[in-house]
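Please take a moment with the sequence and the model below before reading on.

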Amino acid sequence: MATLEWATLVVCCAALLLRVPDAVMGRNRTVFGILVLATLCSLLAVSELYVVIDGALGGRHVTSLILRYLVFATVLLVGLRITRGLAAARGYGLIAGATGRWVLALCCLTVLVTFLLIVSTWGPAGPQVASDIGRNASRAPYYTAAGRTYPAFVSLVLAPPLLATVRSRQPRLVRAGALLVLLGALFAILSLPASLAPAAWAEGLRFVNYAAVLGYVAGLAVLWFSGLISNPSGNTKTTLRRNHG
């Protein structure tokens, strides 16, 4: 799993660096922002780096809370970007509208409450060890599940338009990118019930989480590349809308 942590960070960094030229030229900066946040999330998720960063913040596992809110922000931007790119008006309304705002607010509050309830049971260790310690208390899995609720919600919203794109007659790269994002979304949905699984399944839960991240990041990279090829402006959103119509 340590290898998977670092591999995810490397993939996010590579995708981020590939997007720098376009971002400097003012093209599609939303995707660049998504990759910046995804890279920060991957950075904080590496056990060794987590320990160092959390120690600098006082060693109270505030980094764990920050990580979950960064994930929420990343998923929000991903949801808005993809629903716009696929012209999925209903999905965009669910995420950006009143329903989406209420879901986000409730998820943020639930994460904070569950964090405050269990943080006292954690010792000054890395996130995985802390999770193992916390799982001995009945409340800890609910903190883990709370951190998966909003990504699962957005992924559920994204699944239908992504599936429709995969089954469409759009260019192969567009369909491949949509398929990768769809796989990431399915893993994100699966991570919610998996977070309530027995502690013995902890490694499987971590795999599901990293698979979701890799699916989303790799899919966005492929979609961006497809837009770069078919549209001189590099605007994937325009390309997707044109092909989708």
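Which residues in helix 2 are buried? With buried meaning under 20% relative accessible area, exposed over 50% and partly exposed in between, for a 1.4 Å probe and protein chains only, the buried residues of helix 2 are Val31, Ile34, Leu35, Leu37, Ala38, Thr39, Cys41, Ser42, Leu44 and Ala45. An α-helix has 3.6 residues a turn, so residues three or four places apart point the same way. Helix 2 covers residues 29-45, which is 17 residues, and it reaches 24 Å from its first C-alpha to its last, close to the 24 Å expected at 1.5 Å a residue, where the expected span is 1.5 Å times one less than the number of residues.

This is a predicted model, in which local features need pLDDT of at least 70 and side-chain atom pairs count only at pLDDT 80 or more, while totals for chains, interfaces and linings use all residues. Residues are numbered from 1 along each chain as its sequence is written, and side-chain values use heavy atoms, with hydrogens and water left out.

The protein chain has 11 helices and zero strands, these elements being DSSP runs numbered from the N terminus (helices are H or I with at least four residues, strands E with at least two). Of the 245 residues in the protein chain, 47% are buried. Counting a contact as heavy atoms within 4.5 Å, residues 24 or more positions apart account for 72% of the contacts in the protein chain with a separation of 6 or more.

Confidence is given by pLDDT, the predictor's confidence in each residue, from 0 to 100; its mean over the protein chain is 81, and 82% of the residues reach 70 or more. Over residues 124-136 the pLDDT stays under 50, and the model has 28 contacts beyond four places in sequence for them. Where pLDDT is low, the predicted coordinates should not be read in detail.

The next topic is the interior. A nonpolar core is a set of buried Ala, Val, Leu, Ile, Met, Phe, Trp, Tyr and Cys residues joined through side-chain atoms within 4.5 Å, and the largest one here has 34 residues, with Ile82, Tyr150, Leu158 and Leu162 making the most contacts inside it. Helix 4, helix 6, helix 8, helix 9 and helix 10 each supply at least two residues of this core, and helix 8 gives the largest share, 10 residues. Leaving aside residues up to four places away in sequence, Leu162 touches Ile82, Leu86, Ala178, Val181 and Leu182.

Aromatic rings of Phe, Tyr and Trp (its six-membered ring) pair if their centres lie within 6.5 Å, with planes under 30 degrees apart counted as stacked, over 60 as edge-to-face and the rest as tilted. The whole structure has five such aromatic pairs. One of them is the edge-to-face pair of Phe187 and Phe207, 6.4 Å centre to centre with 90 degrees between the planes, which links helix 9 to helix 10 across 20 residues. Phe187 is partly exposed at 27% relative accessible area, and Phe207 is partly exposed at 44%. Ring pairs also link Tyr69, Phe72, Tyr150 and Phe153 into a cluster.

Finally, the structure holds zero disulfides, a disulfide being a pair of cysteine sulfur atoms within 2.5 Å. The sulfur of Cys12 is too far for a bond because the closest cysteine sulfur, in Cys13, is 7.0 Å away.
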